[in-house]
Amino acid sequence: MKLHSALMAATALVGASAVSAAELEVTHWWTSGGEAAAVAEFANAFNATEHTWVDGAIAGGGGTARGAIVSRIIGGDPMHATQLNHGRQAEELIEAGLMLDLSDIAEEGGWRDIVNPVGLLDSCTVDGKIYCVPVNIHSWQWIWLSHKAFADAGVDVPANWDEFVAAAPALEAAGKVPLAVGQQSWQSSGAFGVLNVAIGGVDLWTKINVEKDAEAAAGPEMAKVFEAVGNARKFSQGTNVGDWNLATAMVINGEAGGQIMGDWAQGEFAVAEQVAGEDYSCLPGLGVNEIISTGGDAFYFPKQDDPAIEAAQKELAKLLISPEVQVGFNLKKGSLPVRGDIDLSAANDCMKKGLEILASGNILPDGNQVLSSDTTSQIEDVMVEFWNDLSVTPAQAQASYAAIIADAD
Amino acid sequence: MAEAKRPIRLLRNMNSKIAAIPMILTAMVVFIGCTVWTVVYSFTKSRLLPKLDFVGFDQYERLWNSNRWLISVENLFIYGVCSLVLSLLIGFLLAVMLDQKIRFENTIRTIILYPFALSFVVTGLVWQWLLNPDFGVQNVVRSLGWQSFTFDPIYDANIVIFGILIAAIWQGSGLIMVLMLAGLRGIDEEIWKAARVDGIPKWKTYVVVIIPMMKPVFITALVLISSGIIKVYDLVVAQTNGGPGLSSEVPAKYVIDNMFRAQNLGQAFAASTMMLLGVLIILALFGLTQIRGRKNAS
Amino acid sequence: MPADNMTVPSGPKPKKTLSAHNIILYGVVGLVCFYYLLPLWVMVMTSLKGMPEIRVGNIFAPPLEITFEPWHKAWFTACTGLNCDGLSRGFWNSVQILVPSAIISIFIASVNGYALSNWKFKGSEIFFAILLFGAFIPYQVMIYPIVIILREIGLMGKLGGLVLVHTIFGMPILTLLFRNYFSGLPEELFKAARVDGAGFWGIYFRIMLPMSLPIFVVAMIIQITGIWNDFLFGVIYTKPDTWPMTVQLNNIVNAVQGVKEYNVNMAATLLTGLVPLVIYFVSGKLFVRGIAAGAVKG
């Protein structure tokens with residue numbers, strides 16, 4: 001409510017004073033508690049200029065929101081800025097000339113020098129021009145463990161995936177859901193991806209997802225991964241929630257032992273005022289091989305006719321990547337900043353672990369950067385069925401998966 | 001309408017033609033034009049933007065190889081058959097019940113019909129809450145002492161489609177009841193008297209005499225129910241969002257998800273064309289029975 | 001219009017005594033009412049409880065402590081992202097969509113029906129047949145081309161675009177309704193007016209309109225509930241700023257910050273259902289007659 005009245009006041013002020021002020025409608029799908037707190041950092045910073053942030057949050061996760069976002073852009077009624085996962089989601093929109101070219105301000109701000117890893121900027125680049133601002137690095141490769149749940153079950157908090165599997169029966173006996181996995185398909189698919197990297201190794205993952213090697217996808221190494229997932233899904237039975245943050249809430253409350261989820265889950269722990277290392281633990285790469293994937297969120301700016309709006313769009317773009325905003329936003333969001341030159345001493349233990357791994361260069365690209373939306377959503381369909389329907393055997397799921405990889409472009 | 005002077009043909013009835021322009025545009029541009037457009041583009045490999053890159057039946061091949069589509073079709077079939085049979089049956093039985101000169105008939109009719117005023121989104125959210133195993137029916141029955149009671153049509157993949165069915169019947173059966181009641185009230189009292197004189201039991205009178213007489217009402221109800229079945233979308237989105245897994249997916253959702261989420265227009269168009277084909281087949285069958293019925297009657 | 005035949009029971013006469021038959025009958029009636037009322041009861045009760053009570057309590061039990069906080073929150077402060085203005089915005093959007101959509105679609109459909117029944121021209125029946133067929137085409141087939149049409153005329157994302165879409169998809173059933181009604185009016189009236197020299201619009205406004213109040217009310221009811229309850233078109237053809245209430249409801253219920261607040265969700269659900277429910281209870285018999293007319297004659 002406070003935020004709302006602050007926004008109203010800002011709107012009134014801006015409307016009264018500035019002449020060149022523009023109202024920018026910004027769409028995104030950050031609706032959980034931690035996410036909303038993070039996006040408020042953007043909004044407040046932008047409202048502190050002469051412009052106004054008009055929030056267009058869309059609930060239901062990226063899958064739902066992207067539909068609404070894309071249909072508006074191609075319907076000729078674009079918003080002024082929008083979140084998307086950079087990579088291939090906006091490819092065709094850029095090719096159709098619907099997005100604003102940000103190359104000039106990128107050059108001016110020296111983005112190529114400050115963005116780390118620079119691969120993030122490459123994902124924004126089409127034909128040498130830059131079309132988006134990366135705002136954070138999100139890694140999927142984490143498992144979040146509830147200290148309370150393991151204490152209740154009378155076992156130690158595991159240090160890696162194998163120990164977690166060993167502890168699962170004790171959790172079950174204590175009436176806990178060992179592994180919380182929300183019902184939405186992207187969550188099943190994400191958890192699969194993390195297990196894929198942890199169990200199958202980075203090389204296998206790269207072969208399949210980057211080189212689209214269908215033979216590897218159908219091969220015996222991958223079969224091991226599917227077996228492991230087939231085992232893990234049994235731990236997730238009884239997660240009767242849809243949204244990822246409700247599954248995270250189960251970990252926070254100690255109803256679930258753990259959750260495989262990207263580092264945005266940290267925002268929820270922060271909102272619940274839990275302390276890393278005391279109330280919960282985080283294991284990058286499931287404690288097997290410490291690695292982070294460098295996906296993330298980026299903002300795109302659909303082309304507008306109005307030069308005043310365009311100026312404001314560029315101003316917002318600059319603001320999003322500016323050091324202070326990067327710090328404020330990423331601390332709330334639980335993600336890593338996209339620039340290596342800022343001080344994150346306020347970061348908690350988990351974020352620091354992430355920063356160390358990032359510095360060591362142990363990184364891999366995110367699924368969204370290498371697979372098209374079409375392929376991604378096909379995989380999601382297979383995975384959500386595999387996780388939820390125990391009658392689907394690992395071999396069947398692997399066959400469907402390999403077929404999708406064979407068709408992927 | 002004989003007129004003294006006959007203006008040239010196009011100008012005749014000019015006002016009427018002008019007034020009908022919105023209707024003509026809707027019929028030709030939207031219903032015919034858009035449908036043809038979609039069918040044409042279903043043979044292309046359009047992704048995010050429609051492009052005329054023809055790929056023959058590739059999209060259809062992929063569609064029928066897609067597990068999710070097969071589940072959607074199967075769900076629609078189960079839901080369709082059950083909802084058709086149950087709606088007709090329940091609607092008719094409720095109408096018969098209300099036709100027994102019971103007290104408070106108006107109140108009871110109001111109670112049965114009010115869900116029809118509510119949207120599918122509202123319906124889905126209410127039943128999601130009511131059937132939620134941790135809070136709803138299952139929990140309440142268990143707290144009454146029946147610990148092993150299991151009824152979870154939200155998270156149990158095997159019965160989730162029946163949870164949607166329960167909600168749909170709750171929402172729509174009132175309408176069918178009203179139609180049937182109107183049909184029952186339209187039947188001549190003499191027929192009841194004659195049946196009583198002949199000593200035919202009441203239930204038999206309904207089955208043998210009344211139902212055949214109400215054929216037009218049944219057909220109307222049938223058309224109403226089936227046109228609603230193929231459109232089922234909001235209810236699923238609100239109640240289960242297709243889950244758990246893919247177990248409550250429906251074709252309409254497959255289309256929308258492919259159109260906007262997966263950014264594969266060609267696939268979405270192929271799926272919607274299949275939906276259209278399904279409707280055409282049903283309409284054709286329906287037309288056929290009508291023609292045959294007329295032949296038999298003459 | 002003939003006397004309302006809904007209120008004159010024609011079934012067999014009931015016996016006055018408390019027979020076994022009556023006990024069973026009223027038992028069934030009671031059960032039926034229970035099934036139809038249960039969701040409403042649970043919605044209201046849940047919306048009046050605090051979250052701690054919901055967690056431990058029975059969803060069917062009345063609240064130990066009544067609180068209106070959930071209602072307040074649902075209407076004024078429930079959040080989606082940074083927008084914490086509750087359902088109120090969606091409500092006003094829905095009103096802004098509803099009023100012009102209902103008026104325009106009914107006006108156009110009534111003129112269509114009038115032209116089709118009194119001013120037939122060559123081809124008019126064919127267009128009408130296409131229009132009726134359009135009622136059976138799954139919306140999914142036409143959704144995407146309509147996005148393109150709206151883009152070309154600059155109405156995508158605007159309220160005007162949604163008004164247009166509602167006008168188009170409301171046209172088949174409403175046109176049918178008006179056509180049948182106008183065809184049922186005595187032809188002498190029309191002929192006399194023609195002799196007096198009245199033209200197309202003159203007859204429509206001076207003769208037809210005043211005589212067709214009942215059918216207009218029926219059309220109003222069909223459109224108001226239909227448009228208010230729409231989800232699919234709202235979600236596709238509008239943007240967050242102009243979202244109708246149903247879309248916003250689905251958003252608020254699914255945008256969870258921290259814990260899922262079932263009481264707020266239920267209050268929001270009830271608020272969304274309130275408008276059509278009020279229409280239903282106020283218009284009562286007209287509503288029944290409306291859907292019966294829309295359906296039986298179709």
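In the predicted model, chain A holds an open sheet of four strands in the order 8-9-7-10, with mixed pairing. Strands (E, at least two residues) and helices (H or I, at least four residues) are DSSP runs, numbered from the N terminus. Two strands pair if DSSP finds at least two bridges between them. Strand 8 (177-179) and strand 10 (280-284) of chain A stand at the edges. Each has a single partner strand, so one side of each is left without a neighbour in the sheet. Neighbouring strands of this sheet are turned by 20° against each other on average, direction ignored. The axes behind such angles are lines fitted to C-alpha atoms, for helices over the stretch in contact, and angles run from 0 to 180 degrees between N-to-C directions.

Strands of a sheet pair through backbone hydrogen bonds, either parallel or antiparallel. Strand 7 (residues 142-146) and strand 10 of chain A pair in the antiparallel sense, over five bridges. A:W144 has A:C282 in strand 10 of chain A as its bridge partner.

This is a predicted model in which local features need pLDDT of at least 70 and side-chain atom pairs count only at pLDDT 80 or more, while totals for chains, interfaces and linings use all residues. Residues are numbered from 1 along each chain as its sequence is written, and chains are lettered from A and ligands numbered from 1 in the order in which they are written.

The contacts between chains come next. Two residues are in contact if their C-beta atoms, placed from the backbone, lie within 7 Å. Between chains C and B, the contact takes 76 residues from chain C and 77 residues from chain B. Helix 1 (residues 20-47) of chain C gives the most to the chain C side, with 11 residues. By class, that side has 55 nonpolar, 20 polar and one charged residues. Here Ala, Val, Leu, Ile, Met, Phe, Trp, Tyr, Cys and Pro count as nonpolar, Asp, Glu, Lys and Arg as charged, and the others, Gly among them, as polar.

The contact between chains A and C takes 29 residues from chain A and 24 residues from chain C. Helix 2 of chain A gives the most to the chain A side, with five residues. This side has 13 nonpolar, 12 polar and four charged residues.

Within chain C, C:P244 lies in the loop between helix 11 (232-237) and helix 12 (245-254). C:P244 counts as buried because it has 28 C-beta neighbours inside 10 Å. The cut-off for buried is 20 or more other C-beta atoms within 10 Å, against 12 or fewer for exposed, with partly exposed in between; C-beta atoms are placed from the backbone. Leaving aside neighbours within four places in sequence, C:P244 is in contact with residues including C:G90, C:N93 and C:D230.
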